[in-house]
Amino acid sequence: MKKLITLIFILFAFNLNSQVIDNSDKFENKIVREYKFKKFFKNLYDDIFKYATIYVAGDMKNAYETQYPDYFIRTNPDDLYAIPRVEDQTVYHPFDYRAGFGIRKLARFDYEVKGNNYYDGTENNKALSAPTAAVKGFEYLFHWEKERQRSDVFTNSRYFLRHTGDYHIVKIEQREVGNVDLKYQSAEVRARLPIGKKFSISAGVIARTHQKAFGYNPIELWLNEVDEDGNPANYWYTLGFEYGYDDWYYASTDENGNSFYDWYWTNPQGDIVAWTDRQFRDLIFGQLMNDFNQQRWAELDPFAEYAPIVGFDFYHYSQGGKFWLHSYANWILPYHKYFKGNVDFSYLHRDSWGLGGHNNLLKGKQWSDYQGGLIIGWKISKTLGIFVEGEYAKFWDSEIYNSSVGLNFRL
Amino acid sequence: MRWLVLLFPILSLTAQDFKSEISVVQFSAPFTQDSEISLKPFKSYNTYTFHITDKQEIFDSEEIKYLPTVILYHNGEEIKRIESGISLKLPDDSVKKIQKEIDKIIESKF
C-alpha cells in the first residue's frame, strides 16, 4: 500500500510538474511570439516607413504672355475696300498650375542642402541619379501630379524604389513627363564591391524601355515608295486627301494676257485653307507629315531591352564639410538584347533603314550608353568657396548635360 | 581628368577612415575586453574596436582617458563619447544613447 501511495504521489507530482512546465512553455511561447510579431512590424516600419514623408503640394502662377498683342484685320468679303475690322488675335492662356501628391524617403548626401522647409515634388536629389545612396536600406519616391502649361494639361509621374546594401544595389524606376512625351522604365540589379570606405564598384544587369522607333521615318518611306515603273507610288498631295483635304484646279488670265493655273485647297469642312499648292505645303503639309509619323509610330509597341552595366562611386566628405567630392559613373555595355517590341524598329536597327525600308540583311549595331556625375565643393576659407557640379548622360541618341559652377566670396 | 585620378588615393590615404561617415569606435584594451559592449547593433554603420596595445597613437590623438570608451563619429566629427570611468564598466544604456544620436543624424538626412 505504501508503495502504491508513493507511486501515485510520484505520478501526481510528475503530472503536476509536467503540467506546470507545459503551461510555462505555452506562456513563454506566447510572449516570444508577441515579441517577434511586434519586432517584425517594428523592423518593417523602420526599414520602409521611418523618415518617409507623405506630401500634397502644388503651385499656381501666371501663364506665359506675349510681349505685344497680336492683331489681324478682318475684311468684309462683300466689300474688299470697306474699312476692315482690327481684331485681337493674342492667345490668352489661363493660369498655369501643378498639383500632385506623393510619398518619399530619399536621403540627402551631406553636401546637399534641403531647399525648403517642406517637400513639393520638385526636388531633384542626387539619390535619384547616383548609383549608391547616402544611407543603406530602402529609398523611394512615388510622385504623381497634374500640370497645366499654356492651356495644355499633362500628367507627370515618377516612381523610384531602391535598396542599397554593402554588396548589392537593386533599383526600379518609372518616369513620365507629359509635356515632352517621355515615358521611361528601368530595373537593375547589381553586385557591389566596396573598396575602402569611400569607393565602390558595381556590376550587374539593367533593363530599360524606350518608346521611340529610332531610324524609322514613316513619311520618308511613304513618299519614297515607287511602283514597278519607278514612278512614285504615293504622290505628295495624296497625303492631303488621306486627311480629308481636297484640291481644286483653277486657271486665270491677268490683264496682260498671261495665263496661269494652280490648285487651291479646302479642309474637311470645305473651307479654303490655301490658294496654291506651294501655300498648302508651307502652311498645312508639315503638320500632316507629323500626324502621319505620330500615327505610324503609335502603332508600334514600346521597346524593352537589357544589357550589362558596370559603375563606380566615390564619396568623400571631410570633417566639418570643408571639402567634398562625389563622383560616379555608369557604363551600359554594348551587349543589348531586346525582349519586347519589334526589334527592326528599335535602336539596335537605327542604321538599318533606308529609303527602300528596312534592310533585313543587317543584324543591327550595338552601342554604349553612359551616365556620370561629379560634384566638388571646397570651402577654402571661412569666406571663400568653390563649387562645381556636373552630370552627363547619353542614353540611346539623347545626350543630357547639366552643370553648374560657383565661386562664392562672403564679405 | 589626371588630377582626379591622383586625388583618389590621396584622399583615401589622408582621411581618417575610422571617423568617416557614421562610425562607432570602441577604444579598449585586452584587459578590459570583458567590459566592452557589443557593436553588433550598429552593424549597418562602420564599427571598429581598437586596443591600446595596437593603436597607441589613435588613443593619444583621440584623448582617450578611460577604457573602454565608445565614441560615435559622423564625417570625422565626434558626436558622442561614452566613457567607463574608474569602474571600467560602460553604462548599461550605452547602446541606447548611441542609437539615439545615430537616429538624429539619419533623420537630418531626410
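**Figure 1. Contacts and burial across chain A.** In chain A, 54% of the contacts with a separation of 6 or more link residues 24 or more positions apart. The model is predicted. Of its 411 residues, 33% count as buried. Chain A exposes about 26500 Å². Carbon and sulfur atoms supply 57% of that area.

**Figure 2. Overall form of chain A.** Four helices and 20 strands make up the secondary structure of chain A. The radius of gyration is 34 Å, well over the 22 Å that the globule rule gives for 411 residues, so chain A is more spread out than a compact globule. Along the principal axes, the C-alpha atoms fill a box of roughly 145 × 70 × 45 Å.

**Figure 3. Charges of chain A.** Chain A carries 47 positive and 53 negative charges. Their mean positions lie 21 Å apart.

**Figure 4. Strand E14 of chain A and its surroundings.** Strand E14 of chain A spans residues 323-332. Eight of its 10 residues are buried, so the strand is largely enclosed by the rest of the structure.

**Figure 5. Pairing of E13(A) with E14(A).** Strand E13 of chain A covers residues 303-317. Nine bridges join E13(A) to E14(A), and the two run antiparallel. Ile309(A) has Ile332(A) of E14(A) as its bridge partner. The hairpin of these strands has five residues between them. There, Gly320(A) takes a positive phi near 75°.

**Figure 6. Pairing of E14(A) with E18(A).** Strand E18 of chain A holds residues 369-379. It is joined to E14(A) by 10 bridges, again in an antiparallel arrangement. Ser327(A) has Leu374(A) of E18(A) as its bridge partner.

Methods
Residues numbered from 1 in each chain as written. Chains lettered and ligands numbered in written order. Predicted model: local features only at pLDDT ≥ 70, side-chain atom pairs only at ≥ 80, totals over all residues. Heavy atoms only, no water. Buried < 20%, exposed > 50% of the residue type's maximum accessible area, 1.4 Å probe, protein only. Pairing = 2+ DSSP bridges. Rg over C-alpha atoms; globule rule 2.2 N^0.38 Å. Contact = heavy atoms within 4.5 Å. Areas by Shrake-Rupley, 256 points an atom, 1.4 Å probe, with all protein chains shown as cover. Lys, Arg positive; Asp, Glu negative; His and termini not counted. Charge placed at Lys NZ, Arg CZ, Asp CG, Glu CD.
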